[in-house]
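This report covers domain contacts, a helix pair and some backbone details. The sequence and structure come first.

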Amino acid sequence: MSEKKSLGEKLTAMACPIPISEHPSVLMAHGGGGRLTQMLIERIFVPSFDNAPLRELHDGARLDVAGARLAFSTDSFVIRPIFFPGGDIGSLAVHGTVNDLAMCGARPLALSSALILEEGLPMEDLWRVVRSMEAAARAVGVPIVTGDTKVVEHGKGDGVYVNVSGIGVVPAGIDISPRKAVPGDVIIVSGEIAVHGIAILSLREGLEFETTLESDTAPLHEMVSALLAEAGDAVHVLRDPTRGGVASVLHEIAGQARVGIRISEEAIPVAEEVRGACEILGLDPLYVANEGKMIAIVAKEEADRALAVLRTNALGRFAAVIGEVVAEHPGDVVLRSRVGGLRVVDLLTGEQLPRIC
Amino acid sequence: MKFVDEYRNLDDAQKMLGAIGRKVRRPWTLMEICGGQTHTLIKFGIDRMLPAEITLVHGPGCPVCVTPLVEIDRALAIAQRPEVIFTSFGDMLRVPGSTTDLLHVKAAGGDVRMVYSPLDAVNLARKNPDRQVVFFGVGFETTAPAIAMAVFEASRTGLSNFSVLSSHVLVPPAMEAILSSPSNRVQGFLAAGHVCTVMGFWQYEPIAAQYRIPIVVTGFEPLDLLQGILMTVSALEEDRFGVENQYVRSVTRTGNTRAQELLAQVFEVCDRPWRGIGVIPKSGYRLAPAYAAFDAASRFRVTAVTADEPEVCIAGRILQGLDKPDACPAFGTACTPEKPLGAPMVSSEGACSAYHRYGRGLAHLKAEVSR
């Protein structure tokens, strides 16, 4: 027995055989938007590429070029299935990058399209995806001005992967950054959460369940423009809570702005059908992916006006105040449960896995 | 949402808390058996809203936590075989064995799939006749009928490429083991509502009588738990013992007799080692001789290496209700969900994981709740 060893010695002697934070290989959870994704960013990408715009860790970078303020963003899409109720990988990719630009307060100017195709992909499918990208870009009013195509061997891809990059221009007087959240600010979500993630999950093999849910993928730039026109510099932070869901985005903001975030479970809009699916599957809607939704952190005095503007937009008709920024517990997100108890909303370690019973 | 919102109502919760506060006079230590109940208590912050006289300790009802390391190593050995499609509940995929876990086996090319039901695995076997489909089933009396049904179906239809690696444990022997321990501090139980939905609660009556202890069959929603606590505390304050049923909307004394018949047909009761606790007599299920052909461990002849549990990990004491997770010197420092030393930190139903995930140890929360 090791009674002579001190506790410290015991602790150092017994590293976990599989330290989840020090994986020898990439896991799916590294792309899940939770703690492992954050570790990749903090330990590999930021130290390697280190520069001022990157360090902002926003949805896109802001660049000052010849007197103009530009926003630049890129996003890759590997969704399966590639066609789903409410959209497809093409429209999703265009909306994703348009929204990343919008979250910088930018008006999108131009997009690129990079496709990685798997040998054997039906030409019909490629045609559908490309037409969908074109239609989505046209609806947004942004041209796709450059592109690239690569083909990988059969079995080495998943039909089609899409990358869309984009640039936009940030209007004068607009300064949106996750670091601008200050105590007293109000947190608004633009609609019902977790719809996209549950709609996609319902199509997965082994999990098929009947639902009328459709993905809510949509471009947010017009709603953002209207919000900025009305509430202007009262809008401190905009983020679209895609992978990792609302919980992960709020956690990131709390960390970057060194503020505390308080939310109320009761106030978070979740559609009945989504809540039902989450209850049955053992998932927390706060961590489920969204598309076509945003979180706005707004100065308290302008919160009513901001909410009113969002609600006049079709994409924001269920907008709601879900919480506030506080000075206490910087870096932590705390939720008041429906029965009045408090708990911390942390980043997920891995992917959200359903519980056994 | 119907059948959910009525059990998460703030006003009713406050009323129930008030009733508990008026009832309680002396300090009591209660144990909730099931990890799902622990999860609800911590997720909704209920334990911290209770009067100071009531201490809740968390029971052994976390299937992942009590599955011995050797079973997980067996699963990993089978999952690495090229002819195998290895299926399990999502929660099992992340549990580390001695050298790796199922997610890493998957990353290295193993065909590991999450399913929601063992019958999905049976369907996978039908669709893939050239592959061996294995279902890794762990759990209590709650999940056992679904595994039994899958084995029964596979047997009935002559499905030769399906097998199960089954590690099922039973609640009543574990409760007896806890109560008969000289260091026991549990004075009342919240029994696991879902286990009782299947098995009924008649099995608990002799335990309650022998140890003169109240056992309240309790559900999983916040108001279920508050009511279960009120019923247990009332019995203790009034010096009553016996079994009571809070979860009447789901549980009867006899339980689901069809499920029990199926369990008796497919399984037989055996002695079973519990991770962190040791062997408990007659506390597990193994496949009955008539169904032994569906046992994956013998089909793939897996011999497993046993690995020692980390010495500092007090998982055994936590699973028996002797300590709370934040009493462990490694909690939140050497042992976190990213780097777990013991199973209760890995499984989302594990008490350590629930404490960590929902931010136990943050002083400001404690201060605010007590205001």
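## Model and terms

Helices and strands are DSSP runs numbered from the N terminus, a helix (H or I) having at least four residues and a strand (E) at least two. The model is predicted.

## Domains of chain A

The domain assignment of chain A gives two ranges: domain 1 spans 54-169 and domain 2 spans 178-345. Taken over C-alpha atoms, the centres of domain 1 of chain A and domain 2 of chain A are 23 Å apart.

Across the boundary, 20 residues of domain 1 of chain A are in contact with 22 residues of domain 2 of chain A. On the domain 1 side, the elements that give two or more residues are helix 4 (89-102) and strand 5 (107-118) of chain A. Helix 4 of chain A supplies the largest share of that side, 6 residues. By class, the residues of domain 1 of chain A that touch domain 2 of chain A divide into 11 nonpolar, 7 polar and 2 charged.

## Helix 4 against helix 5

Helix 4 of chain A also packs on helix 5 (residues 123-140) of chain A, at an angle of about 35 degrees and with the axes 7 Å apart. The crossing of helix 4 of chain A past helix 5 of chain A is right-handed.

From helix 4 of chain A, the residues in this contact are A:Ile89, A:Gly90, A:Ser91, A:Ala93, A:Val94, A:His95 and A:Val98. They meet A:Val129, A:Val130, A:Ser132, A:Met133, A:Ala136, A:Ala137 and A:Val140 of helix 5 of chain A. The contact of helix 4 of chain A with helix 5 of chain A has 10 nonpolar and 4 polar residues, and no charged ones.

## Backbone exceptions

Most residues other than glycine have a negative phi, and most peptide bonds are trans. In chain A, the peptide bond from A:Arg80 to A:Pro81 is cis, with omega near -5 degrees. A:Pro81 sits in the loop between strand 2 (68-77) and strand 3 (83-84) of chain A.

In chain B, B:Arg212 is not a glycine but has a positive phi, near 50 degrees. The loop that holds B:Arg212 runs between helix 10 (205-211) and strand 8 (214-218) of chain B. B:Arg212 counts as exposed because it has 10 C-beta neighbours inside 10 Å, and the cut-off for exposed is 12 or fewer.

B:Asp239, also not a glycine, has a positive phi of about 60 degrees. The loop between helix 11 (222-237) and strand 9 (242-245) of chain B contains B:Asp239. With 8 other C-beta atoms within 10 Å, B:Asp239 is exposed.

Conventions: Residues numbered from 1 in each chain as written. Chains lettered and ligands numbered in written order. Predicted model: local features only at pLDDT ≥ 70, side-chain atom pairs only at ≥ 80, totals over all residues. Domains from an automatic or database assignment. Contact = placed C-beta atoms within 7 Å. Nonpolar A, V, L, I, M, F, W, Y, C, P; charged D, E, K, R; others polar. Axes fitted to C-alpha atoms, helices over the stretch in contact; angles between N-to-C directions. Left-handed = near helix turned anticlockwise from the far one by under 90°. Buried ≥ 20, exposed ≤ 12 C-beta atoms within 10 Å, placed from the backbone.
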